[in-house]
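Colleague: I am new to this structure and would be grateful for a close look at a single part of it. Could you take one chain and describe what it is built from and how it meets its partner?

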Amino acid sequence: MSYTKQEVEEFLQRLYDAKESNPSAYLPSIWEDIEKQIQAKLKTYQEI
Amino acid sequence: MTLVASGAISFGTTAGAGQTPKRSIYEELGISVTSTRSLGATDMRGLADKPGNGTISISDFYGKSAGTTLININTTGSSVTGTSVTLIYGSGYTTSSPNPVLSGGTLLGNGDSAKFIITDNTSTIKVQFNATVDVSTSGTYPYLTTYSVRGGTISNIVAPSGASVNSSDNSKLDVPAGTFTYPSGTPITTLTFSGTNPTASTPSFITGSNTVTYTAASGSAPANALATEAINLKLIKL
């Protein structure tokens, strides 16, 4: 499935919102891993 | 299956074959009951929770379970954050190629007991303990299924000598100075274990992984790159 850059940016914001509203939901390593993956996805749009 | 907690027990079937619980160590190991094994053999020591070169006796096998190995994997990457280094033991898991810890014929479920083993590049066991795991699937974004050590359940810490449950977070394990090296200093290292698997609702570019985070208990540097010191993670469902 493909995503637009805006959708991916929204995913990142949703991650931040989820982290803020329920910080105990995931371990820091898990949050960081997800964030890195979203950032890496965003970077692919910038390289195009 | 688990070996009998007391009474007759044997290498082969002298104490009985096909018993419940088992009375044959070889049956529990899943090897031929006519095998010949030294008590000091690696798989024997592994079952008895007696790694290394210390004394081992047949009574060490009482109540032990070989379990089912879910992953036995060398590190596939790392990342550094502050005074922590996170080693990745398998990544890129998707719904069609899922994390074997959390999907498949045998998987880790919420409340299951598991054995965690970290070995170095000489196959020496650096860390080994048992714990109950929490497994849950987020009902909200990003919908991942995750596992982690349930607080207060770490037990049977076989290695390293002197390891203990972290005093402020009992889901973490503290290992003594010297277990893992640092660019400078010799702090205690705190270990955190977790893993993830995406669900059908997870954005498809977010994948799952198994990770162990090694955090310096003091000082300012993360543990050295641990590709040699913690090359392998084995996770066994008991």
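Modeller: A residue counts as buried here if 20 or more other C-beta atoms lie within 10 Å of its own, with C-beta atoms placed from the backbone. By that criterion, buried residues make up 19% of the 48 residues in chain A, the part I shall describe. Please bear in mind that this is a predicted model; its scores are ipTM 0.91 and pTM 0.91.

Chain A contains two helices and zero strands. Along the principal axes, its C-alpha atoms occupy a box of roughly 35 × 20 × 15 Å.

The contact with chain B comes next. On the side of chain A, 16 residues take part, and they are in contact with 19 residues of chain B. Helix H1 (5-21) and helix H2 (28-47) of chain A each contribute at least two residues to the side that touches chain B. H2(A) gives the most to that side, namely seven residues. Sorted by class, the side of chain A that touches chain B consists of 10 nonpolar, two polar and four charged residues.

A few words on the partner complete the picture. The domain assignment of chain B gives domain 1, covering 1-66, and domain 2, covering 68-237. The C-alpha centres of these two domains of chain B lie 28 Å apart. As for confidence, chain B averages a pLDDT of 93, and 100% of its residues score at least 70.

Conventions: Residues are numbered from 1 along each chain as its sequence is written. Chains are lettered from A and ligands numbered from 1 in the order in which they are written. This is a predicted model: local features need pLDDT of at least 70, side-chain atom pairs count only at pLDDT 80 or more; totals for chains, interfaces and linings use all residues. Domain bounds come from an automatic or database domain assignment. Two residues are in contact if their C-beta atoms, placed from the backbone, lie within 7 Å. Helices (H or I, at least four residues) and strands (E, at least two) are DSSP runs, numbered from the N terminus. Ala, Val, Leu, Ile, Met, Phe, Trp, Tyr, Cys and Pro count as nonpolar, Asp, Glu, Lys and Arg as charged, and the others, Gly among them, as polar. pLDDT is the predictor's confidence in each residue, from 0 to 100. A residue is buried if 20 or more other C-beta atoms lie within 10 Å of its own, exposed if 12 or fewer, and partly exposed in between; C-beta atoms are placed from the backbone.
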